[in-house]
Amino acid sequence: MKQVLETPAGLPPAKRASWLLADAGMADVLKKGLIYTALSIGAITMLIPFYWMVVTSLKTPAEAVAMPPVWMPEVPQFVNYGTALEAAPFGRYFLNSVLVTVVSTIGELFTTILAAFAFAKMKFYGRSLLFTVLIATMMVPGELLIIPNFVTLSNFGLINTYAALIIPYLASVFSVFILHQNFVSVPDELYYAAKVDGCSDFRFLWSVMVPLSKSAIVAITILKVIGSWNSFMWPLIVTNDRMLRTLPVGLQAFTTEAGTKYELLMAASTLVVLPMIILYLFLQKNIIMGISRSGLKG
Amino acid sequence: MDGHQKENAGVAFVPDRRYIEVNTLQVRFEDVTMTYGDKKVLEQIDFTFPAHSLVSVLGPSGCGKSTTLMLISGLMFPTEGRIFFGDREVTKLDAVKRKVGMVFQNYALYPHLSVLDNIMFPLKMAKVPKNKRRERALELANLVQIEDHIDKKPKQLSGGQQQRVAIARALAKEPSILLMDEPLSNLDARLRLEMREEIRRIQQETNITTVFVTHDQEEALSLSDQVMVLEDGAIQQMSTPRDLYERPDNLFVASFLGKPAINTLAFDPNGRIRRMMNIPQPYAGQIETVGIRPECIIATDHTQDALFRGEVTHIERIGRGVSAKVRLDGAEMLVTGLPAAVEEGQTINLTADDGDLLYFDQFGRSVRWSESGSSVGSAGA
C-alpha cells in the first residue's frame with residue numbers, strides 16, 4: 001500500500017492511473033473470479049430443476065424413482081413423450097391454455113395502458129392518493145385473493161367457465177406501475193405538440209405514448225404470458241370440468257391413486273414449458289430493458 | 001426550388017403565399033386574466049397582434065410570456081376575459097380545435113417517427129388523404145430546407161435541423177397562426193443566428209401571423225415587426241423594435257432593452273440638463289429621472305457644450321473603441337465609443353443630442369412633449 005502511494009508524482013494523471021491499475025491487476029483477477037463463481041453457482045441452482053425434468057422424462061419408471069438418483073438414463077426413453085401425450089386430451093388443454101393466455105394478456109394490456117396513462121398524464125382530483133392506494137395493494141399476497149375472488153365469481157355464477165379463468169387476470173397493478181414509470185418520462189411538450197396537431201388524448205396515447213414505451217409493454221406482455229401460461233392454482237380451483245382445464249392442471253393426469261408416473265409427468269411438463277422457454281430466449285433483452293428502464297430492480 | 005436563398009440576395013422580396021392558402025388571422029385578447037391558485041400571472045391583458053405580422057413577446061422569466069402563448073394555443077384557458085382569432089371568439093375552444101401551429105423550445109418531435117412522418121402527423125390527424133399528405137409534407141420539407149433528411153429519425157438530426165422539422169410540422173396543417181415558444185434557446189450561438197434568419201424568411205414566405213416568445217432582446221428586436229414587452233403580468237409596451245428602443249414608454253422598458261444597460265440619473269430641475277435642453281416648464285416639474293444610453297454619449301472639447309463633466313475611473317479597450325466608467329457628482333455613468341486617447345484619471349466633458357435623452361416621471365412613465373420643436377418632439381407628433 002505504501003508503495004502505491006509513492007508512485008511517481010511527476011507523471012501525468014492518466015499515466016499514474018494506469019500504473020496503479022497494473023499493480024492492482026492481481027486483486028482484480030481475484031475479484032472477478034469470486035464474482036464469476038458466485039454467478040455460476042446461482043445459474044446452476046436455477047438450471048438443475050430443468051435438467052432434472054428433462055432427464056427424468058427420458059428415464060424408465062425404475063430409473064425415475066431409483067436411489068441414489070440416476071443423473072443420466074442408460075437408454076433415453078423417447079417413447080415417454082408419445083405415451084404422455086396419449087394419456088390425456090392435451091390438445092384440448094393446449095387450446096384452453098392459449099385462449100386463456102391470449103385473452104387475459106390482451107385484456108390486461110388494454111386496462112394497464114389506460115390506467116397508466118391516466119395516472120401519468122391526466123390531471124384529476126385525488127390522482128396521487130388513488131395511485132398510492134393502488135400501489136399499496138401490491139403488498140397483498142396473491143394467495144390472500146383466492147378466497148374473495150372465488151366467492152365473487154361464484155356469486156356471479158361464473159365458476160367452471162372460461163370467464164372464471166380470465167376475469168380476475170384482466171388487470172395488474174404491477175404492470176400499471178411499470179408502464180406508469182415509462183409514461184411519466186415522456187415529456188409534456190410531446191403531449192402539447194400532439195394536442196396542437198389535432199390529436200385527442202386517446203389518439204395520443206395509442207399513436208405516441210404506446211410506440212414510445214414499446215419495450216416496457218413488451219416486457220409486461222412477456223411476464224403476463226409466462227405467468228398466465230404457468231398458472232396452476234387458480235384454474236385448479238375454479239374449474240372441475242375436464243374440458244376447461246389448462247395444461248398445468250392437465251398434468252395431474254399422471255398422478256393417480258396408484259402413485260405418480262414421474263417419467264411421463266416430466267415428459268409432459270417439458271412440452272408444457274417449452275413454448276415459454278423459447279419465448280423467453282427470444283425476448284429476454286426486451287424483458288430486461290423494459291424492467292430496468294422503469295427504475296425497478298429485480 | 002433552391003431559388004429561395006438567391007432571391008433574398010438583392011431583388012426586392014415578394015412574399016410567396018402558396019404555402020398558406022387559408023387566411024391567417026389577427027389575434028386579439030380582451031381583458032384576459034390568468035391565475036394559478038392565488039397568483040395572478042396575467043392581469044387584464046388587452047392586445048391585438050395584426051394579421052401577417054411577426055410579433056415577439058419579450059420579458060424576463062416569470063413575466064407571463066409563455067402563459068400568453070399557452071392561452072393563444074388553447075392548451076390553457078384564461079380565468080377571465082376573451083380571446084379572438086380574427087372576428088371569431090375562440091376562448092372556449094381547446095388546442096385540438098384551434099388549429100394553430102406551435103414550435104417548442106425542445107422541438108418536441110415524435111421520436112419514433114421519421115422526419116416526413118413527423119411533418120405528416122397533423123395532416124393524418126386532419127384525415128388528409130395519404131398522397132396529398134406526402135405531397136404537402138415534401139413541399140414543407142423544401143421550404144425549411146430539410147428535404148435531404150426526410151427518412152431520418154429526429155435523433156439523427158442536429159438541433160437546428162430538428163427545429164426546422166418542428167417548424168415544418170407546425171406549418172403543415174395550414175394554421176391560421178404560428179406560435180413559437182423560445183424556439184432558439186436550445187441552439188448554440190452560431191445556429192441561433194442562422195435559425196433566426198430562417199424563421200424570418202419562412203414567416204415572410206408564408207406570410208403567416210407569428211407569435212414569437214423569447215427572453216432574448218436581441219432576438220426580439222432583430223426579428224419582429226412588433227414587440228410586446230411583458231413584466232409582472234402586464235403589458236409594458238407594444239411597438240416596433242425601433243420605437244421600443246428609442247422611445248420607451250417607461251423606465252422598465254428603457255432599462256430592460258439595450259446592452260449595456262441605459263444610464264439613469266436623478267433629474268435636477270435647476271441643473272445643466274434643464275438649461276441646455278430647454279425643457280419647458282410643465283414637463284420639467286414632472287421629470288424625476290433622465291435616461292441616456294451609453295452609446296449616445298459623445299466626448300466634447302468645449303466645456304460650454306458639455307452636459308456632464310467627470311473623471312474617468314475605469315476604461316476597457318475593445319478593438320478601437322473604448323468604453324469607460326465616468327464619475328459625475330454623486331453618480332456614475334457608462335460611456336461606450338469614446339476616442340482611443342482617453343486615459344484613466346482624466347477629466348472629460350460629455351454631451352449628447354437632445355433626442356437621445358429620455359425623461360421619466362416619478363412613476364417611471366415616459367415624459368415627452370412635442371411643442372418644443374426638438375427632434376424628439378417632431379418624432380412624437
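**View 1. Helix 4 of chain B, tucked inside.** The buried residues in helix 4 of chain B are B:Val115, B:Leu116, B:Asn118, B:Ile119, B:Met120, B:Phe121, B:Pro122 and B:Leu123. Keep in mind that this is a predicted model. Helix 4 of chain B covers residues 115–125, and eight of its 11 residues are buried, so the rest of the structure largely encloses it. What do those buried residues pack against? Their partners are helix 5 (130–143) and helix 6 (159–172) of chain B. After helix 4 of chain B comes B:Lys127, with a positive phi near 60 degrees.

**View 2. A three-stranded open sheet in chain B.** Here the strands line up in the order 11-12-18, and the pairing is antiparallel. Strand 11 (263–266) and strand 18 (357–361) of chain B sit at the edges; each has a single partner strand, so one side of each has no neighbour in the sheet. On average, neighbouring strands of this sheet are turned by 30 degrees against each other, ignoring direction. In general, the strands of a sheet pair through backbone hydrogen bonds, in a parallel or antiparallel way. Zoom in on strand 12 (residues 287–292) of chain B: five bridges tie it to strand 18 of chain B, and the two run antiparallel. Look for B:Val290, whose bridge partner in strand 18 of chain B is B:Tyr359.

**View 3. Chain B, for context.** Stepping back, chain B has 13 helices and 18 strands. Its C-alpha atoms fill a box of roughly 75 × 45 × 40 Å along the principal axes. Chain B has 381 residues, and 38% of them count as buried. Of the contacts in chain B between residues at least 6 apart in sequence, 66% link residues at least 24 apart.

**View 4. Two helices of chain A side by side.** The axes of helix 10 (residues 173–184) and helix 13 (residues 214–230) of chain A come within 10 Å and cross at roughly 170 degrees. That makes the two helices roughly antiparallel. Where they meet, helix 10 of chain A brings A:Ser175, A:Ile178, A:Leu179 and A:Asn182, while helix 13 of chain A brings A:Ala216, A:Ile217, A:Ile220 and A:Lys224.

Notes: Residues numbered from 1 in each chain as written. Chains lettered and ligands numbered in written order. Predicted model: local features only at pLDDT ≥ 70, side-chain atom pairs only at ≥ 80, totals over all residues. Pairing = 2+ DSSP bridges. Helix = DSSP H or I, 4+ residues; strand = E, 2+ residues; numbered from the N terminus. Axes fitted to C-alpha atoms, helices over the stretch in contact; angles between N-to-C directions. Parallel < 35°, antiparallel > 145°, perpendicular 65-115°, else oblique. Contact = placed C-beta atoms within 7 Å. Buried ≥ 20, exposed ≤ 12 C-beta atoms within 10 Å, placed from the backbone.
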